[in-house]
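In these entries I record what I looked up in one structure. I begin with backbone angles and then turn to a helix, the cores and the pockets.

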Amino acid sequence: MNIRFVQGSDYYSLSPLINEWWGGRNMSDMLPKLFFDHFQNTSFIAESDGEIVGFLIGFLSQSKEDEAYIHFIGVHPKFRKQQIGKVLYERFFTIAKQNDRKIIRCVTSPVNKTSIAYHTKMGFDIETGNKQINGVEVTANYDGQGQDRVLFKKN
């Protein structure tokens, strides 16, 4: 497996795959091309035999100089449970540390129980929200009306 920085052209290869990787959920709108153009030094592609098998889109916060943010990560369903996500996260953690970022943040949907479990396994803490869903702290309307999210923080 090869891990490399994202390139603008990766958008055209990856964008059509995202909804498929998420079992038909409409997720591709959450990853516009601007991320592939403007966050190349903090975003990664995992490839196996020339095929994209995973990606992580992240950036260093411009507003909070000690924070970094992971916007989107995904692994091809056939390649899950092969530590690809862990390798991508660790690569991002290294970049964040090299840039003196002490806090990593990310969010997920409360319906994505797999993501919630994975992030807690990776050492992220769930931040206190303003309501609970199935015993999980959630911030209501975080991404707009009715768009509740689970907020994560890793020191």
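**Entry 1: Backbone angles in loops**

I located Lys-81 in the loop between β4 and α3. The model I am reading is a predicted one. I then looked up the phi of Lys-81 and found a positive value near 65°, in a residue other than glycine. I noted this value because most residues other than glycine have a negative phi. Is Lys-81 buried or exposed? I found Lys-81 exposed, with a relative accessible area of 84%.

I next turned to Asp-100, which is found in the loop between α3 and β5. Asp-100 is not a glycine either, and its phi is positive, near 60°. I looked up its accessibility too: Asp-100 is exposed, and its relative accessible area is 54%. The cut-off for calling a residue exposed is over 50%.

I examined helix α4, which covers residues 113-121. Which residues of α4 are buried? I found Ser-115, Ile-116 and His-119 to be buried. These residues lie on the same side of α4, because they cover an arc of only 100° around the axis. On the other side of α4, I found Lys-113, Thr-114 and Lys-121 exposed.

I then asked what covers the buried residues of α4. The cover includes helix α3 (84-98) and the strands β5 (103-108), β6 (125-126), β8 (136-138) and β9 (150-154). Just after α4, I noted Gly-123, which takes a positive phi of about 95°.

**Entry 2: The nonpolar cores**

I looked up the largest nonpolar core and found that it has 27 residues. Ile-70 and Phe-124 are the residues with the most contacts inside it. The elements that give two or more residues to this core are β2 (44-48), β3 (51-60), β4 (67-75), α3, β5, β8 and β9. The largest share comes from α3, with 7 residues.

**Entry 3: The largest pocket**

I looked up the largest pocket, whose volume is about 1,000 Å³. How many residues line the largest pocket, and which are the closest to its centre? I found 36 lining residues, of which Ile-73, Thr-114, Ser-115, Tyr-118 and His-119 are the closest to the centre. The elements that give two or more residues to this lining are β4, α3, β5 and α4. β4 gives the most, with 7 residues. By class, I recorded 17 nonpolar, 12 polar and 7 charged residues in the lining of the largest pocket.

**Entry 4: The second largest pocket**

I recorded a volume of about 180 Å³ for the second largest pocket. It is lined by 13 residues, and those nearest its centre are Lys-64, Glu-67, Tyr-69, Arg-105 and Tyr-142. β4, β5 and β9 are the elements that give two or more residues to this lining. I recorded the classes of the lining of the second largest pocket as 8 nonpolar, 1 polar and 4 charged.

Methods: Residues numbered from 1 in each chain as written. Predicted model: local features only at pLDDT ≥ 70, side-chain atom pairs only at ≥ 80, totals over all residues. Heavy atoms only, no water. Buried < 20%, exposed > 50% of the residue type's maximum accessible area, 1.4 Å probe, protein only. Helix = DSSP H or I, 4+ residues; strand = E, 2+ residues; numbered from the N terminus. Arc of directions from axis to C-beta. Contact = heavy atoms within 4.5 Å. Core = buried A, V, L, I, M, F, W, Y, C linked by side-chain atoms within 4.5 Å. 1 Å grid on protein atoms, 1.4 Å probe; cavity = no way out; pocket = protein on both sides within 12 Å on 5 of 7 lines; lining within 4 Å. Points joined across faces, edges and corners; volume = space filled by probe spheres on them. Nonpolar A, V, L, I, M, F, W, Y, C, P; charged D, E, K, R; others polar.
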